Amino acid sequence: MQRLFIPITLILLTLAVALYLPRGFSFNPPAPPVAPQPGVPETQGKRIEVVFALDTTGSMGGLIQAAKDKIWSIASTMAAADPAPEIAIGLVAYRDRGDDYVTRVFDLTTDLDAIYAQLIAFQADGGGDGPESVNKALDDALHAISWTERADTYRTLFLVGDAPAHMDYQGERRYPELARIAAARGIVINTIRCGAQADTGAQWQQIAQATQGHFFTVTQNGGAVAIATPFDARMAELSAQLDETRLGYGSKADKAAAQARREATAALQAKAPVAALARRGAFNTSAAGKANLFGSKDLIEDIERGAITLSAVPVEALPDALAELEPEARPAAIRARKARRDALRDQLKALSEERDAFLTKEAEAAPALAESLDYQIFEAVKEQGSERGLSYSERAPKL
């Protein structure tokens, strides 16, 4: 009996404690709060993932040019949602067997400058026998792209082309099966037919209906509505100056990536038309445009949101412009650059509002606007995004 006394006593004591402890109490101490990491957003908001499967054969030259001219307009309209979403864009260029390539895949990225650089490089070529490798393009868009599975993400694929799919290629999944796969994964396929080819329209409608997407028709040049504004040149200039306020830091690889972004931006500014650079500037000043403007690591942004302190950054990880200064001079240099950055952003935002008002007025005299590539993309995003909690005002920019 003596030996059983202690275990029984412990059991009774444990039961008594359990009865009187508040519900939900845990003996495990709470985990310490996790400090924000450099380059990582503190919270995850709404996200838009858009992939364009774009026919780049010879007949698509006009539409490819429209896509080059309008990609920033498209991004800006998507960025106008409330709440401001994170925007990632991917690209699948497709032609046909026997051409220079069948598909080229560029994965989803928030670095829209990189996607724009790819668009700038595209030239329409190839094709010739009518049908194209649409099935391969859809398959790659669904399986070679890093779509997320977050419930708050609006995922959509825009299939853009003027020719139907080759249905005689062996060993390929075909569009009816691929559309079912997209629907099961919650990826909406919107289809945009260029021109008026009937068999293309029949396939495009089938694909869109299977995923509750939209089917649109645009002219062979994408229904481009080009309206220059008196604000474009100044906005492009301010945008270039804003780019110069970036401060990449970190490891050698981080700093190399920042240098690569600077070089890519310089190339983009040299090739892009002024109107596109103006719209890029407007996008970069939006909440959704921060990722494109600054990349994953920017010293000023990370200090501002409390992810790091300047004193904690090793001198070898600092940008060269700061590392060359005496330690006591660095905080003032950061403050000066931030003040310049804020002033440039304020100027760009003000001009962007004036530009939008100008375009809204001009668009009233442009009835073809409702048939343009960018307008129809925006209308689809506006309607479908609402199902993921995204709201767009009627005043959202559309040009």
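1. Methionine 78 makes contacts with Ile48, Val50, Pro85, Ile87, Ile89, Val381 and Tyr392, leaving out residues up to four places away in sequence; contact here means heavy atoms within 4.5 Å. The model is predicted: local features need pLDDT of at least 70 and side-chain atom pairs count only at pLDDT 80 or more, whereas totals for chains, interfaces and linings use all residues. Residues are numbered from 1 along each chain as its sequence is written, and side-chain values use heavy atoms, with hydrogens and water left out.

2. Met78, together with Phe52 and Phe158, touches the most other members of the largest nonpolar core, which has 48 residues. Such a core is a set of buried Ala, Val, Leu, Ile, Met, Phe, Trp, Tyr and Cys residues joined through side-chain atoms within 4.5 Å. Buried stands for under 20% relative accessible area, exposed for over 50%, and partly exposed for values in between, with a 1.4 Å probe and protein chains only. Helix 2 (residues 61–79) supplies the largest share of this core, 9 residues. A second, separate core has 23 residues, among them Ala141, Tyr175, Ile189 and Ile207.

3. As to the overall fold, the protein has 14 helices and 6 strands. These are DSSP runs numbered from the N terminus, helices being H or I of at least four residues and strands E of at least two. Of the 399 residues, 47% count as buried. Among contacts between residues at least 6 apart in sequence, 80% join residues at least 24 apart.

4. Helix 2 also packs against helix 14 (residues 373–385): their axes come within 8 Å and cross at roughly 35 degrees. Axes are lines fitted to C-alpha atoms, for helices over the stretch in contact, and angles run from 0 to 180 degrees between N-to-C directions. The crossing is right-handed, a term for a near helix turned clockwise from the far one by less than a right angle, anticlockwise being left-handed. Helix 2 contributes Leu63, Ala67, Lys70, Ser73, Ile74, Thr77 and Met78 to the contact, and helix 14 contributes Leu373, Asp374, Ile377, Phe378 and Val381. These residues divide into 8 nonpolar, 2 polar and 2 charged. In this grouping Ala, Val, Leu, Ile, Met, Phe, Trp, Tyr, Cys and Pro are nonpolar, Asp, Glu, Lys and Arg are charged, and the others, Gly among them, are polar.

5. Threonine 77 belongs to helix 2 and is buried at 3% relative accessibility. Threonine 77 and aspartate 374 are 297 residues apart in sequence, yet 9.0 Å apart in space, C-alpha to C-alpha.

6. The aromatic pairs number 6. Rings of Phe, Tyr and Trp (its six-membered ring) pair if their centres lie within 6.5 Å; planes under 30 degrees apart are stacked, over 60 edge-to-face, and the rest tilted. Phenylalanine 231 and phenylalanine 358 form an edge-to-face pair, with 6.2 Å centre to centre and 80 degrees between the planes. Phenylalanine 231 lies in the loop between strand 6 (215–218) and helix 7 (232–243) and phenylalanine 358 in helix 13 (residues 330–363), so the pair ties together parts 127 residues apart in sequence. Phenylalanine 231 is buried at 16% relative accessible area, while phenylalanine 358 is partly exposed at 26%.

7. Phenylalanine 378 and tyrosine 392 form another edge-to-face aromatic pair, 5.5 Å centre to centre and with 90 degrees between the planes. Phenylalanine 378 is in helix 14 and tyrosine 392 in the segment after helix 14, 14 residues apart. Phenylalanine 378 is buried at 2% relative accessibility, and tyrosine 392 is buried at 8%. Elsewhere, Trp72, Tyr116 and Phe283 form one aromatic cluster.

8. Threonine 153 is placed in strand 4 (residues 153–161) and is buried, with a relative accessible area of 0%. Neighbours within four places in sequence aside, threonine 153 is in contact with Arg47, Glu49, Thr148 and Arg388.

9. Most residues other than glycine have a negative phi, and most peptide bonds are trans. The peptide bond from aspartate 82 to proline 83 is cis, with omega near 0 degrees, and proline 83 is in the loop between helix 2 and strand 2 (86–94). Glutamine 212 has a positive phi, near 60 degrees. Glutamine 212 lies in the loop between helix 6 (198–210) and strand 6 and is exposed, with a relative accessible area of 69%.
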